[in-house]
Amino acid sequence: MTATATGAQGAAADLTRMERIGAHSHIRGLGLDDALEPRKTSQGMVGQLQARKAAGVILEMIKEGKIAGRAILMAGAPGTGKTAIAMGMAQALGADVPFTMLAASEIFSLEMSKTEALTQAFRRSIGVRIKEETELIEGEVVEIQIDRAEAGVGAKIGKLTLKTTDMETVYDLGQKMIESLNKEKASVGDVITIDKATGKITKLGRSFARARDYDAMGAD
């Protein structure tokens, strides 16, 4: 799949999500009275009287903490009000309760793994903002030395000489870091970063000192 097709797929998913949310933006609750009896038309809800009443019972259990840590499965044909009832429950619980929509096309996406898609959805649902920090080493590649195993069997090892503003350091390379170097097509004179936690290598570009040589001779 090309980048254009992937981008179009992501845009279509975003548009679908906006249309679904927009279609239910008028909902302010389940439209029930104090006795949990559904009104014919109230709080943006209409129809599905029995389902709304059942949702109201579940809503009271949630407020009393009797259904914590459990899930609710609503089944039905498209357009029967499942999303509307779910949004009505979220609205009835208050402004601090987020409503998160997740389509199957978002889980089975080429842009991210299923685990990452579900993790992001859970974070949005519980209102948690996680800030991740990582320590990076940035410098210019001075020398790359990769030693192949004897008889071509076994993992590759090597050494990477990296020059920073403060010093020039030699790092031992394992199989994963060598694969990361090859993937980034890093060579002498490139500026790279190394994630100290994961060993991931990212190529940023050419150093100023090597830029003229690169322009004159082209890529290796």
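Is Lys203 buried, exposed or partly exposed? Lys203 is partly exposed, at a relative accessible area of 32%; here buried means under 20% relative accessible area, exposed over 50%, and partly exposed in between (1.4 Å probe, protein chains only). The model is predicted, so local features need pLDDT of at least 70 and side-chain atom pairs count only at pLDDT 80 or more, while totals for chains, interfaces and linings use all residues. Residues are numbered from 1 along each chain as its sequence is written, and side-chain values use heavy atoms, with hydrogens and water left out.

**View 1. Asp190 and its surroundings.** Asp190 belongs to strand E6 (residues 190-195); helices (H or I, at least four residues) and strands (E, at least two) are DSSP runs numbered from the N terminus. With a relative accessible area of 0%, Asp190 is buried. A polar atom of its side chain sits 2.7 Å from the backbone nitrogen of Ser187. Beyond its neighbours within four places in sequence, Asp190 has contacts (heavy atoms within 4.5 Å) that include Gly139, Val141 and Lys185.

**View 2. A network of salt bridges joins Asp190, Lys203 and Arg206.** A salt bridge is a side-chain nitrogen of Lys or Arg within 4 Å of a carboxyl oxygen of Asp or Glu. Side chains of opposite charge can pair when their charged atoms come close. Look for Lys203 and Asp190, whose side chains meet at 3.5 Å, N to O. Lys203 is in strand E7 (residues 201-206) and Asp190 in strand E6, so this pair ties together parts 13 residues apart in sequence. Then find Arg206, which forms a salt bridge with Asp190 at 3.0 Å, N to O. That pair links strand E7 with strand E6, across 16 residues. Arg206 is partly exposed, with a relative accessible area of 27%.

**View 3. Lys163 and Glu140 form a salt bridge.** Their side chains meet at 4.0 Å, N to O. Because Lys163 lies in strand E4 (residues 157-163) and Glu140 in strand E3 (residues 136-147), the pair ties together parts 23 residues apart in sequence. Lys163 is partly exposed at 38% relative accessibility, whereas Glu140 is buried at 12%. The count of salt bridges comes to 8.

**View 4. Ile72 in its loop.** Ile72 is partly exposed, with a relative accessible area of 39%.

Terms used. Polar contact = N/O pair within 3.5 Å; in protein donor to acceptor, adjacent residues only side chain to side chain.
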